[in-house]
There are 2 protein chains.
Amino acid sequence: MSKVVKSLREAIALAGLRDGMTVSFHHHLRNGDFVLNFVMDEIAGMGIRDLTVNASALFDVHTPLIGHTESRVVTHLAANYISAGLGRAISRGALEAPVEFRTHGGRPKDIALGRTPIDVAFIAAPAADPMGNCTGRIGKSTCGSLGYAFADAMYAKRVVVITDNIVPYPLQGWSIPESYVDYVVTVDAIGDPKGIVSGTTQVTRDPVGLVMAAQAAKVIQASGLLKEGFSFQTGAGGASLAAARFLKDIMLREGIQGSFASGGITGYLVDMLREGCFRSLMDVQCFDLKAVESLREDPRHQEISAMQYAAPGERGAVVDSLDVVILGATEIDTDFHVNVHTDSNGSIMGGSGGHSDTAAGSKLAMIIAPLFRARMPIVTDRVTCISTPGQDIDVLVTQAGVAVNPRQAELRERLEQAGLPVVDIHELKERAEAITGKPKALPKGDRVAAKVISREGELLDTIYTLPEGR
Amino acid sequence: MSKVVKSLREAIALAGLRDGMTVSFHHHLRNGDFVLNFVMDEIAGMGIRDLTVNASALFDVHTPLIGHTESRVVTHLAANYISAGLGRAISRGALEAPVEFRTHGGRPKDIALGRTPIDVAFIAAPAADPMGNCTGRIGKSTCGSLGYAFADAMYAKRVVVITDNIVPYPLQGWSIPESYVDYVVTVDAIGDPKGIVSGTTQVTRDPVGLVMAAQAAKVIQASGLLKEGFSFQTGAGGASLAAARFLKDIMLREGIQGSFASGGITGYLVDMLREGCFRSLMDVQCFDLKAVESLREDPRHQEISAMQYAAPGERGAVVDSLDVVILGATEIDTDFHVNVHTDSNGSIMGGSGGHSDTAAGSKLAMIIAPLFRARMPIVTDRVTCISTPGQDIDVLVTQAGVAVNPRQAELRERLEQAGLPVVDIHELKERAEAITGKPKALPKGDRVAAKVISREGELLDTIYTLPEGR
């Protein structure tokens, strides 16, 4: 028995894909992914139309999707993150139907609950055997964790694994077992290694970033959470990584061993694991080659599904065991609402990813953001789009001071006692506006470009198209 | 956040267990299991009644269940295997409703399809963290694989993990992730290590067994299947292990590297892995401590769920990649139907387990059985109970010759060409009866004690109660 079929077209036909159905993709190959494009081209060539594409995230490499929306092969899009180039096309109105944004935890939950059923999942796999056991740990297109693909594999009606590295049965160390897989397709290359993972992730050298990072580490220390068993998440942004570096110094100096770091994993967190700062890494996605290698070699470095990582619900997820998460923002307003979906002009350039999941789950959700960027204020009266509700954000660290959510009176007191420059968030907003000027009210287009759906499945906000000519 | 509750009773109450519901258990602690008994005692003490107990298997240690059937706490039982002591009580009519026997592959499939919904699954775990991540690999009550518990964890409405070894979050190397778990209960001991896994598994020294084992190895060699990539399964019975030993000699001598061995894993198969006879072990259950240690230490030794192991359906399972399986029989008839549910008197003393799953999936399903045992013929006109249909059995090896299913003309030819003593199965039956005498028609009781449900979910056979006084 073998599930290997002779072509992608045969797999699509056998899977029974028809007009109006939903196909899904994961984003572990990031901006190096070839799979979404060649699958959609093949589907277009077969004359199938009116599809929903449900991807965990979309990158600029996926811009050919816009051609498929023009020809109405694709009429609906759902993703947890859409990068700036593709996002701009969507903000200019490439689709009639609004894009649906979810969170990394909300997406698998909605799939599991049948709210967003998937007809055919296409799983790009850096290694697979002929029965469909597959992994991202090995192969020329290695990406490490396949965390975001689990829900697709488990719940899609048909599952097609696409690999450029077929290995003899049984594959050693599968992430997704054969039980979920219908067909296996072999291709020359599923992606471009240069776009899949970066070689190394860089700590910022920007002086403002370093100031904020140092302040962030002090806030964590003052919060009372930095003690034995401490758990931590941060993104791969330069200032966040710099904060992790300052944190590491404190942890090593004071002999604190944390329990885990989670989320997207960088080599920087791998170093912290190896140096004893954490007992485990909970990895839903590898950001660089050092993380991939560590996931492959070190049993303390554990792969988690997006469901285990971040799904809302009474059973909880890894995010509910988090002490501290450091997050970014393109805007944050005086109610602590955060925007990570659009730039200050309202053009789509991101998405929640795990932002609101970790903010909701963690004990301390910290935003690091400068007061302004390119003469646009970051701290503002009202964010252009609510990505994460202010009730889940505890503290904002800027170069001009630290603002604490009024809901966290005890935290504010701790930070003040530690001598940190605690300021009211309205004051930060005014300082930002003093430099940039008060931003003009943003003109909006007349159509809804995207809906932002909260991790619990409710409509959180609406993103409008850009006005004509922008 | 922690899912640890203060008592088993609290977990049962929180899980909402009420009259008429279904509770489930796995059997990895085998005859050393404490969990099923103390959970059922607690449930009885809470006054809950009319429950269905769905266990992957039941052992004599679970005989207190009979008391719960008398008091009507338990009115329905389902299991894939029931050992002889408990089986006899059931054959004597302990339950009004027939016990439902399934296979190791059919059970998870029926659970996944909602045919046998589980309200509360109780998962005995040799190690767990406070969020419910759990494993059988470590702890004083280690049992290795938790393969049979996956479906229960994934599909039960509520999942209670019971452990005698709570470890800090996050556990390293979970089998079942926290995403599926509602409550965690800590107890002093989940089982008696002496009953959980045997220290070592013994190859038979019985001369008849050794003759059959040597013949079995020759049959496999002559079948043409014993070549690079060979895959193999055998039980822990003495003659089966002896056959594996002969096979190992051939494989090492001829430099054949197989792909995998699967099923319940013994130290004997671990040795074959280490000596290069296989690239991987696919382990749904560990039979001895050497297997447990290997599963913990060697990444080539892989845990599989019962679903991945043996579930029927178009996606296939490990059993569908099997070349050869060696199986036992308490009876086999001239249509090659096999009984592993009852003894020749009709008393329940086993069950299919993975018998009919592997027979259906493998290319060569071989029964090793003596012509007679304790003056009862094993080869007979008609088995007392059909556990595995004759169409899935390819060859019978006895001490008096080898019988090939007439459906396998090519196999018969290969064996004859190899000089093996191929005989008609009717001739084996006559030789058996020449020694034991023709068995008398078996008197039956007047009630159905059990239904045997095939791996596809159909009624395969019916087991009657023993007549009065037996």
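Modeller: A cavity is a set of points, on a 1 Å grid over the protein atoms alone, where a 1.4 Å probe fits but cannot get out. This is a predicted model, in which local features need pLDDT of at least 70 and side-chain atom pairs count only at pLDDT 80 or more, while totals for chains, interfaces and linings use all residues. Residues are numbered from 1 along each chain as its sequence is written, chains are lettered from A in the order in which they are written, and side-chain values use heavy atoms, without hydrogens or water.

By the cavity rule there are 3 cavities of 30 Å³ or more, a volume being the space filled by probe spheres set on grid points that are joined across faces, edges and corners. The largest cavity holds about 110 Å³ of space. Its lining (residues with an atom within 4 Å of a point) is made of 15 residues, and B:Gly346, B:Thr384, B:Leu442, B:Lys444 and B:Tyr464 lie nearest the centre. By class, that lining has 7 nonpolar, 7 polar and 1 charged residues; Ala, Val, Leu, Ile, Met, Phe, Trp, Tyr, Cys and Pro count as nonpolar, Asp, Glu, Lys and Arg as charged, and the others, Gly among them, as polar.

The second largest cavity has about 40 Å³. Among the residues that line this cavity are B:His104, B:Arg107, B:Tyr148 and B:Ala306. Its lining divides into 4 nonpolar, 3 polar and 1 charged.

Now to where the chains meet. In contact (heavy atoms within 4.5 Å) are 41 residues of chain A and 41 residues of chain B. The two chains bury about 3,100 Å², 47% of it on carbon and sulfur atoms; buried area is the accessible area (1.4 Å probe) that two parts lose on being put together, summed over both. On the chain A side, A:Tyr169, A:Gln308 and A:Arg315 lose the most area to chain B, together 23% of what that side buries.

Between the chains there are 4 salt bridges, each a side-chain nitrogen of Lys or Arg within 4 Å of a carboxyl oxygen of Asp or Glu. B:Arg315 pairs in this way with A:Asp182, their closest N and O atoms being 2.8 Å apart. Strands E8 (158-163), E11 (258-265), E12 (278-286) and E13 (301-303) and helix H12 (306-310) of chain A each supply at least two residues of the side that touches chain B; helices (H or I, at least four residues) and strands (E, at least two) are DSSP runs, numbered from the N terminus. E12(A) gives the most, with 3 residues. That side of chain A has 20 nonpolar, 10 polar and 11 charged residues.

A:Pro170 sits in the loop between E8 and strand E9 (183-186) of chain A. In chain B, the bond from B:Tyr169 to B:Pro170 is cis as well, with omega near -10°.

Key: On a 1 Å grid over the protein atoms alone, a cavity is a set of points where a 1.4 Å probe fits but cannot get out, and a pocket is an open set with protein on both sides within 12 Å along at least five of seven lines; lining residues have an atom within 4 Å of a point.
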